[in-house]
Amino acid sequence: MEENKTQQPGLFEKGGKLGFLHSTVDAFDTFLRVPATVTRKGSHIRDVVDLKRVMIIVVIALIPAALFGMWNVGYQHNLAIGDTAAGFWATFWYGFLKVLPLYIVSYLVGLGIEFTAAQIKGEEVNEGYLVSGFLIPLIVPVDVPLWMLAIATAFAVIFGKEVFGGTGMNFLNPALLARAFLFFSYPSKMSGSDVWIAMRKGETMVDGVTGATPLSHMSDGIAGIQGAGYDWWSLFAGTVPGSVGETSVIAILLGACLLICTGVASWKIMCSSVLGALFVGWLGTAFGATDVPAWYQLLLGGFAFGTVFMATDPVTSAQTECGKWIYGFLVGALCITVRLFNPGYAEGMMLAILLMNTFAPLIDHCVVSVAVSRRNKKLKTA
């Protein structure tokens, strides 16, 4: 008579000897593949599009901005010290070595917290930080101290995601929350005039060269921006000081095309954000608040980057189709409003997106309520 044999769980499976490490091992095991497991009962759908693949597409879309940002870090350094003989690869390599520690700190701290939270809760590791960890180094100055970045990242992950339940439950963009933490906690590292250029210890800038971002000259009008050497082409191409990944509109547009073609990001939010910025920018020039053309605002600061990669976050943005138009328009309008009427902080994109993140559920609620009300009226008159 044969004895019934029960299959023993694997070493890292739940119930196994090291089952408490299941979520950590599973995260690495399924990083580049999809497991063949399906639901045991009820209906289920097997699709090639899942959260992991959506996150990977966003990361791929960010690569052009990241690569150009690394080159621009080296270019701005060479420009500041007066070195015009450095080649392309030497320039890129310098920027790569300056940006790499930012990525290491971002992922080590962020993923460490994500893995720890998953172990404590006994759940699978969420893939959401794959994008947040890639975004954070691109929206901060290249010379930000690493310990500050570590604290900001920890704050964003813990208080921006985990306390609300993790990926998909947060109402604020974690990457922007990290930047906001740095801005309000260490403003000298986020709004100074010479913190945007990476310098080696002992190096100083040559006479006549400043590290001020183009936005810092906006209070002097279009003459101040152009007088500092920033014409429309340099702003569009991205050969200006600024956060690592936010300077090149060309590289950002390449990422935007990928996100729109794959359906990962909403083109409605992008277009409405641009319309909102142009509208308020036109009002500003029409009423004499500034002489900077409205279309110039699209090239300055982090507007393009925020519109494409931040405002379109599917978790923190509006979900209804009409709500996306309203949400995006208000993001662009608020950004330019802050730039025009808040001289103490020229960049308004961060505050605009975070503010609209909090109002996105209200926008969706109002849109749905209006739709239901119209439907009820039609039913009554039918």
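Colleague: What lies at Val 99 in α3?

Modeller: A kink of about 25°, shortly before the proline Pro 101. The bend is the angle between two axes, one fitted to the seven residues ending at a residue, the other to the seven starting there. This is a predicted model, in which local features need pLDDT of at least 70 and side-chain atom pairs count only at pLDDT 80 or more, while totals for chains, interfaces and linings use all residues. Residues are numbered from 1 along each chain as its sequence is written, and side-chain values use heavy atoms, leaving out hydrogens and water.

Colleague: How do you know what span to expect of α3?

Modeller: Helices are DSSP runs of H or I, at least four residues, numbered from the N terminus. The expected span is 1.5 Å times one less than the number of residues. α3 has 34 residues, so 50 Å is expected. From first C-alpha to last, α3 reaches 48 Å, close to that value. Gly 122 follows, with a positive phi near 70°.

Colleague: Why is the aromatic pair of Trp 93 and Phe 96 called stacked?

Modeller: Rings of Phe, Tyr and Trp (its six-membered ring) pair if their centres lie within 6.5 Å; planes under 30 degrees apart are stacked, over 60 edge-to-face, the rest tilted. The count comes to 20 aromatic pairs. Trp 93 and Phe 96 lie 5.4 Å centre to centre with 20° between the planes, so the pair is stacked. They sit 3 residues apart in helix α3, about one helical turn.

Colleague: What makes the pair of Tyr 103 and Phe 134 tilted?

Modeller: Their ring centres are 5.0 Å apart and the planes meet at 50°, so neither stacked nor edge-to-face applies. The pair links distant parts of the chain, 31 residues apart: Tyr 103 is in helix α3, Phe 134 in helix α4.

Colleague: Is Tyr 103 buried or exposed?

Modeller: Buried means under 20% relative accessible area, exposed over 50%, partly exposed in between (1.4 Å probe, protein chains only). Tyr 103 has 9%, so Tyr 103 is buried. Phe 134, at 14%, is buried too. Phe 96 has 24%, so Phe 96 is partly exposed.

Colleague: How many disulfides does the structure hold?

Modeller: It holds 0. A disulfide is a pair of cysteine sulfur atoms within 2.5 Å. Cys 335 is buried, at 0% relative accessibility. Cys 322 is partly exposed, at 44%.

Methods
Helices (H or I, at least four residues) and strands (E, at least two) are DSSP runs, numbered from the N terminus.
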